[in-house]
Amino acid sequence: MRLFSMYRWVRQRHMMGLRGRNFLEAPWAGGVVLLVCVIFAMLLANLPATKVYYHHLLETDLSLMVRSPDGLIDWIFPRGMTVEKFINDGLMVIFFFAVGLEIKREIVCGQLSSVRRAILPVLAAAGGMLAPAIIFTFFNHGTAAANGWGIPTATDIAFAIGILSMLGNRVPVSLKIFLTALAIADDLGAILVIALFYGGKVQIGCLLVALVIMLGVYFMKQMGEKRMFFYLVPAFVVWGLFYYSGVHSTISGVAMALLIPMEPRYSKEYFAHKMRWLKGLMLSAATHEDFPNEEQRFYLRRMHDLSANSVGMSYRLEHGLAPYVTFLIMPVFALANAGVEITSLEYLNIFHYSPEIGSVGMGVFFGLVVGKPLGIFLASWGAVKSGLAELPEGATWRMLLAVGCLGGIGFTMSLFVDSLAFSDSDLIDRGKIAILMGSLAAAVVGCLLILAFSKKSTKP
C-alpha cells in the first residue's frame with residue numbers, strides 16, 4: 001500500500017511537470033501570464049490593504065551607494081534608480097535586446113530577408129503606425145496630451161500571436177506568418193519612435209563614448225571574435241552610458257543586439273571532425289568506473305562546448321533569453337505598469353474630452369481599435385493593388401482585416417511609450433486605462449471577426 005501511494009505521488013508529480021512544460025511551450029502562454037499580471041496589478045493598486053505598499057515599493061530607491069566615512073568617496077550608481085525605473089530602464093533593456101535579436105534574425109534569414117517577402121508586412125506595419133498616430137493627433141492636437149501620439153502605434157506580439165494560436169486552423173498559416181512579420185516590423189518602428197521622439201536632453205559626451213565602444217565591438221566582430229564575454233561586458237557599459245546620455249537606455253539593448261554575430265564559432269566540417277575525435281577518446285577512456293568517470297566528464301564538457309559554439313551566438317542568446325523575457329521580465333513589467341489606482345469613476349470614462357488636456361482615452365482607444373486595423377488593411381490593399389506585393393496564400397481581404405484588428409492589441413510597447421510620453425501622472429494613468437480597454441476591445445473584435453469569417457468560408 002505504501003509503495004502504491006509513493007507510485008501515485010511520483011506519477012502525479014511527473015504529470016504536473018509535463019503539463020507545466022506543455023504550458024510553457026504553448027505560444028499563447030505568455031499572453032495568459034501577462035493577462036493574469038494585469039489583473040493582479042489592478043488589484044494591488046486599488047485594494048485598501050495593498051495600494052499603499054504597491055506604490056511605495058515602486059518608488060523605493062534601488063541605487064548602489066559606495067561612501068567612505070570622511071565623505072571623500074561618494075559614489076552612487078545608477079543615480080536616481082527606483083524599483084520602477086529599474087524595471088523600465090533596466091529589465092526592459094533585456095526585453096529590447098531580445099527584440100533586437102529577433103529583428104536581426106528576421107532581416108538576415110526570416111520573413112524580412114528579401115524585399116519581395118518583406119514589402120507587405122513592412123508597409124502594413126507602417127500603415128498600422130501612421131493611422132493611429134493621425135487619429136490620436138485629431139483628438140489631442142494643441143492640448144497637453146499631444147505628445148502621446150506614439151502610444152497607439154505599437155502592437156503586442158505576445159498577445160496577438162497567442163490569440164491567433166488559440167484560434168487554431170481558423171486562420172491560414174500565411175496570415176499567422178504575416179502578423180508575426182508585421183509585429184516584428186512594428187517593433188522596429190516603435191524602437192525608432194522611442195529613440196527619435198521620446199528621449200530626454202542628450203548628453204553628447206556619454207553618447208559619443210557609447211558610440212565609440214559600439215564601433216569597437218563592430219570591428220571586433222568583423223575580425224571574427226565569437227566569445228560571448230567580449231560582447232556582454234561592453235553591452236552593460238553601453239547601457240550605463242545610454243542611461244545618462246538622455247537617449248532612452250532601452251535603445252542600447254537593440255543597438256548591441258544588432259552587433260551580436262549570427263555566424264557560429266566553429267564550422268560544420270570542424271564540428272564533425274572534432275566531435276568524432278572527442279567521441280573516440282571518450283569511448284576509449286577507462287571503463288572500470290561508473291560512467292562517466294573523471295576523464296569521460298572532461299571529454300563530455302569539451303563536446304558540450306563544441307556543440308554550443310557551433311550555433312551562432314545570436315541564436316543561443318535569443319533561445320536562452322526567451323523564457324525569461326516571456327515569463328519573468330514582461331510579467332514584472334506588467335505588474336509595475338498596469339496598476340492604475342481608480343480614485344474616481346471618471347477615470348473609466350475614456351471618452352471624456354476637455355480643450356486643455358484633450359482626450360488621451362479617445363486618442364488611444366480609437367487609435368488601437370480603428371486606426372490599427374484600418375492602417376494595416378489600407379496599406380496592404382494599396383501594396384497588393386499596385387503590384388508591389390501579393391496577398392498571403394489562402395488569405396482573403398476579410399480575414400486580413402480581422403487579423404489586422406488583433407494588431408490593435410498594443411499592451412507592452414504602448415504602456416512603455418505612455419510612461420515616456422507624459423510627465424503628468426494623471427495623463428499617464430488615463431493612457432494606461434485606455435490602452436487596457438482598447439487592447440481588450442481590439443482582441444474581442446478581432447476574435448469575433450475571425451470566427452465569423454471562418455464560418456462563412458467553410459460553408460458549402
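Q: On what basis are residues numbered and features counted?
A: Residues are numbered from 1 along each chain as its sequence is written, and side-chain values use heavy atoms, without hydrogens and water. The model is predicted: local features need pLDDT of at least 70, side-chain atom pairs count only at pLDDT 80 or more, and totals for chains, interfaces and linings use all residues.

Q: Which helix do the buried residues of H12 pack against?
A: Gln296, Tyr299, Met303 and Leu306 are buried in H12 (under 20% relative accessible area, 1.4 Å probe, protein chains only; exposed is over 50%, partly exposed in between). They cover an arc of only 80° around the axis (directions from the axis to the C-beta atoms), which puts them on the same side of H12. The buried residues of H12 pack (heavy atoms within 4.5 Å) against helix H11.

Q: Is Phe138 buried or exposed?
A: The rings of Phe138 and Phe139 pair edge-to-face, because their centres are 5.3 Å apart and their planes at 80° (pairs have centres within 6.5 Å; planes under 30 degrees apart are stacked, over 60 edge-to-face, the rest tilted). Phe139 is buried at 19% relative accessible area. Phe138, at 67% relative accessibility, counts as exposed.

Conventions: Helix = DSSP H or I, 4+ residues; strand = E, 2+ residues; numbered from the N terminus. Phe/Tyr/Trp six-rings, centres within 6.5 Å; stacked < 30°, edge-to-face > 60°.
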